[in-house]
Every structure is written in structure tokens, then in C-alpha cells.
Amino acid sequence: MIEIRNLTKDFRVGFWKNRPVRALDDLSLDVHKGDVFGFLGPNGAGKTTTLKLLMGLLRATSGSAHILGEPVESVSMRRRIGFLPENPYFYDYLTPEELLTYIGRLFGIRQPALGKKVRSLLERVGLAEVGRLQLRKFSKGMVQRIGIAQAIINDPEVVFLDEPMSGLDPLGRREVREVIVSLKEQGVTVFFSSHILPDVEVLCDRVAILRKGRLQAVGALEEILSMKIEAHEIILTRVKPQDANQLKSMCDALTVIGDRLHLRASSSKQVQAVLAYALANDAELISVNPVRPSLEDYFLREVGSGRDGAPRQ
Amino acid sequence: MGRRGSDVPMRILAIARNTFRENIRDKILYNLILFALIMILSSIALGQLTLGLESKMIIDLGLTSVSVFGTLIAIFIGISLVYKEMEKRTVYVLLAKPVHRWEFIVGKYLGLLFTLLVNVVIMTFGIVLTLLYQGSSGPATFVRLLPAAWVIYLSLALTTALALVFSTFSTPALSALFTLFLWIIGHFNADLLQFATLTQSATVGWVAKTLYYALPNFSNFTILDSRNIIQSAAHAQPMDASAILWITAYGLVYCGGLVTVAIVVFSRRDFK
């Protein structure tokens, strides 16, 4: 679906444009059909540069990229893809209907099919009520939704979204998440960049992590995080004070939050012992949960640790 | 897939239509047109001072207003439209669609041309209404306006093409400066040729001559066939059809060249 090979981009900076700065360094990546692919990295890691190279807005210094088997410079290939830029802005003197009609014409969609398409899209992103209001009156969340609508007007096979959740409130983020899920259900490949980790954890089949223009890791989330269960967290309530002391000696850590006890047990033997003791002494069990390293932990460990050092291989 | 070729005009027209729409929803444009119409109307008062020459005065002042305010509008819309698309990053959305970069520039230019055409038509109509109000002019007077209005329109098309070229790589303020600079030089172009014949140095002569032919010759649009176009309309002297054809061809070729330059610059651009 998407093949990136040794993609490198230098920007020339300075007064005479003679000092090259490497924004993207030798990126190679494959995205498979039907995947929701998360492209992660802190600000300035090269995510937007990569997306602009894929959209033909920037020209690579070296390396190549193909989408749907065609080089990214191909204009005809863009009939089959969709793109939402970061913090999008659309002509604020247009209404959503006018904007989508304009974009639809660029794809060669003709009336009356175009009108029908525009109405159904506005319905889908929840903007049917405000279809004739000028975009200058729109909130950021609404602009983001119209941005998604314009990205999928041509029923694309691959959709590229640059930071689709940034700057949105929780409700807006959930709406964007739902659109991504529904695209996946239709078999659309979604490539999106983000630094909002919980969204990525929920949505993505595979992720790539980028730092200072270099690829840090790529693969299924489980592979990257080595989803091994580190420990179990047991939550109890109605524990007598003398039992609490006893429990503390049986596990690795104990925290009291309100009237609840949070216990951390690293072996299954500990878990069994704690549960047996607690239940025998009339404590009430709230939950037992496996503790896994989160993407956030990984992010902080991998990206944060080497912040000023050499890139990790 | 076979329809792909036929989509090119559809895309260009869609871009042109949106450019026109952006212009007509911009309030500054209305202010400029309003000013021009006020100028045209004020020629009634000035006409009172020139006994028996009222209609000449109206046409003279009216067409000058069309030219001056038209040029302001041409520079104003030419410098900002492409730049604005880059600055506000709407160009990212458009170029990620199946749109060639040359189609974008051609669409933008056509949208500008149509905006200017509507402006010139509105302002010329203002002159006609003023003449009707003044009462001493017949249909022949209105016909006299047309060649002059057309030549003014050509000069505006050239001005906005210059602004378009600059706006593909420069900020609006600098583009306005460059365009105005070339517009002024273009009006004194004939001096360059005279300089070329007078100078002793062959090299300087050659440079001056090259500049004369390379720079846009705006004086062609005011003095045609050694007669001032606006004066000719005012004094009811008919224009030579071949001269009009010649200046039309000159304008088309020069505008075509400028749009090509804009396309080349725009196609090589990185959008950071």
C-alpha cells in the first residue's frame, strides 16, 4: 500500500540557504492494506515532513516513496487517496457545501452525483445542520470534521491524517476516533500521525516511532511494547487495619486510596496468596488487573532518555 | 480512466470559479469599485466647467478612473491570491488532490481575469450611465468606449500576470513593490530604446535594447498608433482595428509568457 525507501529530506537554512538541516533521515517503512498505521514522535520529529513528501508537497533529497504502487509524484494516484493536513484551514468565506462541491469537482465528480455525495458526507461528519454557514463561524472541532469530509470525498483507498486529534476536546477526539474506526471497517488503510498516545493505543494495528528524523521502532504495538504482563494490580476494600499490614508483607507494594487498597503483586503465587488471605478475612475484591507497559511508558523511555544523546539504533 | 483528460478543464474551471468567488466576497474590492464610480460620477460636476465638452470630460475622466482603479485592483488581487493559499496552507489540500501545479496557476489566473473583466464592465457601465444622465450622448458614444475599455482591460491582465509571478515566490508587500516598479518602468519603456540609440557603448546599447524588448511595454496600452487611447475615445476619433489587434496579440503573448514563468517557479517550489 505504502512503501517508503531510504527517504531523506534536507532543508537549506541560513541567509544564503547554504546550511543543510536534515529533517528526515533514511526512512524506510511499509504500510499494509487495511491497516490503521500510527506515525508517532514528539514535535519536530519529522512526521509532517514525511506526510508532505508523501503528498508531493516537498521533494525528497534522496530515496523514494510509493503509494498504491505509484510514485508519490504521480498526480493520477491522488485520485485514490485522501489527505487531512495538520491544523487545517479552509477558505473561511465558503460554506461546507461550497467547499465540498469545489473539492468534489477537482476529482471530476459531476452533478447530480456530487450534490448527493456532499449531503451524505455532511451527514456522516455531523455537519448537515450547518451546511450553509460560512466556515469562519466554525469551531476548531467543526473545521476538523469538514477536513475529514474533504479527505474522504473520493472514497479513497488510503487516507493520510496529520495530527487529526490535536487541539480537539475529548468529545471531538472521540468523533475522530469513530471516523477512523469506520474507515477501517470499510477496508480503508489509514496512516495518521499523532502524539496523543491513548488514541494510538486504541486504534492502531501497527505503529512507527520517529525521533529527530530517524525511525526508532516499527511494528505491531505488542511487538514494540513487548506486551508481557509485568505484574497484577489487586484492588480491595473493607480491609481491617491489622490485615492491611499482613497484606503489605505479602506483596511488592501497597497504596491506600480512600478506603481502597491497591496492591501490586509480581508473581502469580503472590496473587493467589493475597486473594486467598483477603477473602478469608472478609475483605471485598474490587478488581484484579494485569499491568502492562503503556505506549506512554515506552515513549518516555525511548524518546525521553536519548533526548540529548545520540540516536539509539 | 478514459475520462481523465476531460477532467482537466473541469478542475481549472473549479479553481477559477473559487478564485472569483474569493474576490467577490472580499469587501476591499467593493470599496475600490465604489471609489471609481464616485470618480466617474464627479466628472458630471467637472463637465459643467467645460462648456459643450461635457461628454468628452466624462469619458476622459471615466476611462482614466477605470485604468487607475483597475490597476490598483489588478495589483491587489494578483499579489495576494496565490500567496494567501500558501500562507494559509489551503494549497496543501488542493495539491494533495489530483491537481497539477500548472492547473492551479492557470485556474488562479483565469479567476483573476474574470474578476477584472467584471470590474471593467461595471466601471464602464458606470460611464455609460453617467453619459445617459448627462443626456448629450447617443449610442455612437458608447461604442467609442469599447476599444479603449478593451485595451485598458488588456493592460490590467498584464499587470495582474506580473503580480501573479511575484506572488509565487515573494510576500504580498514585496510583490506589490516589484509589480509597481515594473509598471512604472513599462510606461517609460520608450526612453530605454532612445537611450540605446544614443549611447556610445555597444554593450550598454545592447543591454538597453534587450531590456526594452524584455520588459512589459505598458506605454503600448496608453499610446497606441501614436495616439492616446483615452483621448481618442473622448474626442470621437475611431481607433484603427489593426492597431487594436496588434496590442491584443502583444498582451496575450506577454501574459502567456508570464503565466509560464509563474508555473515554472510554482512547480519547483517546496511547501515547507
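**Two chains and a helix pair**

In this predicted model, helix α2 (residues 96-106) of chain A and helix α1 (residues 7-24) of chain B have axes that come within 8 Å and cross at roughly 155°; the axes are lines fitted to C-alpha atoms, for helices over the stretch in contact, with angles from 0 to 180 degrees between N-to-C directions. Because angles over 145 degrees count as roughly antiparallel, α2(A) is roughly antiparallel to α1(B). Helices here are DSSP runs (H or I, at least four residues), numbered from the N terminus.

Residues are numbered from 1 along each chain as its sequence is written, and chains are lettered from A in the order in which they are written. Local features need pLDDT of at least 70, side-chain atom pairs count only at pLDDT 80 or more, and totals for chains, interfaces and linings use all residues.

From α2(A), Y102(A), R105(A) and L106(A) meet M10(B), R11(B), A14(B) and N18(B) of α1(B); contact means C-beta atoms, placed from the backbone, within 7 Å. By class, four of these residues are nonpolar, one is polar and two are charged.

The contact between the chains takes 25 residues from chain A and 23 residues from chain B. On the chain A side, helix α2 gives the largest share, four residues.

Chain A is divided into domain 1 (2-225) and domain 2 (231-291), with bounds from an automatic or database domain assignment. The centres of these two domains, taken over C-alpha atoms, are 46 Å apart.

In chain B, I247(B), C255(B) and F266(B) are among the buried residues of helix α11 (buried: 20 or more other C-beta atoms, placed from the backbone, within 10 Å of the residue's own).

How values were computed. Two residues are in contact if their C-beta atoms, placed from the backbone, lie within 7 Å. Angles under 35 degrees count as roughly parallel, over 145 as roughly antiparallel, 65 to 115 as roughly perpendicular and the rest as oblique. Ala, Val, Leu, Ile, Met, Phe, Trp, Tyr, Cys and Pro count as nonpolar, Asp, Glu, Lys and Arg as charged, and the others, Gly among them, as polar. A residue is buried if 20 or more other C-beta atoms lie within 10 Å of its own, exposed if 12 or fewer, and partly exposed in between; C-beta atoms are placed from the backbone.
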